[in-house]
Amino acid sequence: MKLSVDWLNDFTPLSQIPFETVLEKINTSICEIDDVEEFKSHLSSVITVKIKSLEKHPNAEKLQTTIATDGNKDYQIVTAATNVNVGDIVPLALPGTKLDGKEILDSELRGVRSQGMYCSEKELGMALESSGVLILPKETTLGISVRKLFLWEDTILTIDNKSITHRPDLWNHFGFARELASQLKIPLNSFPLESDTKWESGNQGLTVKTSEHAHAYYVCAIQNVNITNSIPKIKSRLEKCGIRSINNVVDVSNYLLLELGQPTHFFDRSKLEATSFIVSKSKEGTSFALLDDTSPSLPENIILIQNGNTPVALAGVMGGKDSAVTDSTKEIVMESAVFKREDVRYTIRKTNIRTESAVRYEKGLDSYTCLPVIKRAVQLLIENGNPNVKVFEPQGFNHTESKAVTINTNLSFLRHKLGKKISLQEVTDILQRLGFIVTTQDETLSVVVPKYRQNYDVTIPEDLVEEIGRTIGYASIRTEALSMAVETPIRNPLRELERRVKQFLALEVGFNEVYNYSFASASDAKLEVAYTESSLKIANEMPEDHALLRTSLYPGLIKQAKLNQDRFDSVKLFELGRTYHKEGKGSELAEEKRWLSILSLSKQKPTDLTSIEQEFLGLRETLSELFFYLNLPKFLWSKQTRSHFHPNASLALHYDGKEVAELGILHTRFSDLYDVKRRVILAKINMEVLVEIWENHGRNSHFIPPSHFPQGQLDLSLLMNESDPTEPFANLVKTLNIPELESVFVQTIFQGESVGEGKKSVTYRFRLMSYDKTFTQDRFKELSDSLVTAAKDNGYTLR
């Protein structure tokens, strides 16, 4: 938001205060300033001059040589302009002036000295295009800067909008001046809302139907309007705040917006089809032409202004084109209203139309200004080229006219919240300067909030604390260390476990952690069949891809793999996150579950099943190492069927009789669905189950002193059917209770012509360790024979 310091001075004498002090007070007690700049300061050296003589350039057919005077000094200027004559008063840019990034120099043009350049409207920033030098009125004073001539001598403050989003009373010059006057303890001179305007009797047939869709809504008829240009003061002030001047009626509406923060609108009465007005809500597909030359098809429940049955404006946002004021307008209808901020926000969101009026309405204005602003508008219309207007009695309603907010508090509460001892007199003085009405009894305060602060802004005692704190300056409140006991923080086992798991996966085995949205599509919710029925739809409108809360972390990881499958040879990802499940339709809250999901994207072609199987076994080994890392060695792998995994590549890990994890190769139908070109190996761990097991068993010591004797190992290859699981034989060996057996695992799996179609060769490796003597050849043979016997006795074929 831009503020003119010259305009602020209309209401309070800021010029009496050092400007640095004003800026410091704004930054420390009101809001943040993004920028401070002199308006069009580069035009300070552009002055008004009168052309005394004009001759053809001696060396150039298209140039002219002129002599111009500022009343005291003459200048020789070479120009190519064809619209200048002797006696014309024009703007002259003196040497050193920078226009459009180019510096004007005292130079020679074809052998003739030129001490500057005459300026057009375009070069002065007054128009996008111009055909010649700007010719000023004959009565223009000579030798003055165009900044002074066009009332551009001003300092513009650019306010950070975010810092006043809760203060609709500051989104205008009068409100900001009122705040500055209270903070700087200087008088507030002018009250534009107290304009004295007399109404003509009658309403000229206008009526307003009461509606619940607005806090207040008024219209009044205004006759004898003459459309022309605005006076320099209004035109320059609009320009300095970034608003283009249109005509002397529309400019009044924009001027009021910047002066008082109250949006208004003017309709051309001759273009209105009826005399009645109502605030209503749109039906699906409603459409009419707007001032920005668009005709959007509106969804339902957009608030509209209807003239009879015809929509003429998007309430609080933009007027309609068909009823707009034009050069031929003679009679207007003025609208002054305050709409509900929720309705205006809804309109902005649905139409994507954001205007200066909408920005103010969405903050939550109070309706007390609706009638006074009409009187001020009439005063401005008269001042701005409409001295003969006749204004008839406003018609309308105000639902919140009697609204008042009173806050009761006490001095002890204020001191405690501020952290500073402040007297009752100081509190009363500050609040009264800020416009509050304060009644005290002992140390109790009853505070009536001013109407311009009572909507959403100051409503509770803590708000008064903020008002006092920012006024005395937060820097005046001494900083003190918190007085609190130093205690051992409460232990969070789940957080500890998550850190250890992340450390292992990221630092030990080279996986990358990712974070995905907690949203999912309907197709994502179908990946894990067990949770399909417990998916939870998001109440507020979302795109289809984000319509549900996720019931599985897998879809997010798979989508990440798809994005990276062509960029990296190795894609190894993991995510720690929550899933959300709602059983039934009761009022109970949805359940949250905590998971660790892992994805490894195969490096091999999808048809290279042998290599893919090795990668699958590699991820199984990684998960096994994770459990060893967590000091949980007594886990068991078993074959389990999961619909989202390949039938012959689906495992579950159990610990202490509880299923903790699953591992599998993603079924090809899901690979096709997500357009993943390589095989996807997935795993997930139930962190809530794991943390319980880790707490019960992970702190137990499983340490075995190292043996003084060397380790041994045996390999045994068995011939199996292609679909046979490998885990049963490993479990069988563990039941033999071989004292030297330390571990057993699948070393390799081989398939090929040499083992036969539909068959595979599985090589098991047995790690052996003796703690009392060195292995002998006889003991190795004995152990080998016992393993072979066990295999044969249980129907396995040796290879």
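Colleague: Let's start with Tyr629: what is its relative accessible area?
Modeller: Keep in mind that this is a predicted model, in which local features need pLDDT of at least 70 and side-chain atom pairs count only at pLDDT 80 or more, while totals for chains, interfaces and linings use all residues. Residues are numbered from 1 along each chain as its sequence is written, and side-chain values use heavy atoms, leaving out hydrogens and water. Buried means under 20% relative accessible area, exposed over 50% and partly exposed in between (1.4 Å probe, protein chains only). Tyr629 counts as partly exposed because its relative accessible area is 25%.

Colleague: How many aromatic pairs are there?
Modeller: Rings of Phe, Tyr and Trp (its six-membered ring) pair if their centres lie within 6.5 Å; planes under 30 degrees apart are stacked, over 60 edge-to-face, and the rest tilted. By that rule, the count of aromatic pairs is 17.

Colleague: Take Phe267 and Phe277: how far apart in sequence are the parts they tie together?
Modeller: Their ring centres are 5.9 Å apart and the planes sit at 35°, so this pair is tilted. Helices (H or I, at least four residues) and strands (E, at least two) are DSSP runs, numbered from the N terminus. Phe267 belongs to strand β15 (residues 264–268) and Phe277 to strand β16 (residues 276–281), so the pair ties together parts whose separation in sequence is ten residues.

Colleague: Are Phe267 and Phe277 buried or exposed? And how far apart in the chain are Phe504 and Tyr629?
Modeller: Phe267 and Phe277 are both buried. Phe504 and Tyr629 make another tilted aromatic pair, 5.1 Å centre to centre with 40° between the planes. That pair links distant parts of the chain, with Phe504 in helix α13 (residues 493–508) and Tyr629 in helix α15 (residues 609–629), the separation being 125 residues.

Colleague: Which residue follows helix α9 with a positive phi?
Modeller: After α9 comes a residue with phi near 95°, and that is Gly385.

Colleague: Which residue in β38 is the bridge partner of Phe750?
Modeller: Strand β38 (residues 759–768) is mostly covered, with eight of its ten residues buried. Two strands pair if DSSP finds at least two bridges between them; β36 (residues 712–721) runs antiparallel to β38 and is joined to it by ten. Strand β37 (residues 741–750) also pairs with β38 in the antiparallel sense, over eight bridges. There, the partner of Phe750 is Ser761.

Colleague: UniProt has a "binding site" here, so what is the relative accessible area of Asp457?
Modeller: The unreviewed UniProt entry lists Asp457, Asp463, Glu466 and Glu467 for it; such positions are in the numbering used here, feature names are shortened, and annotations may be inferred rather than shown by experiment. Asp457 sits in the loop between β25 (444–448) and α12 (461–472). Contact means heavy atoms within 4.5 Å, and beyond neighbours within four places in sequence, Asp457 is in contact with His166, Arg167, Asp169 and Asp463. Asp457 counts as buried, because its relative accessible area is 10%.
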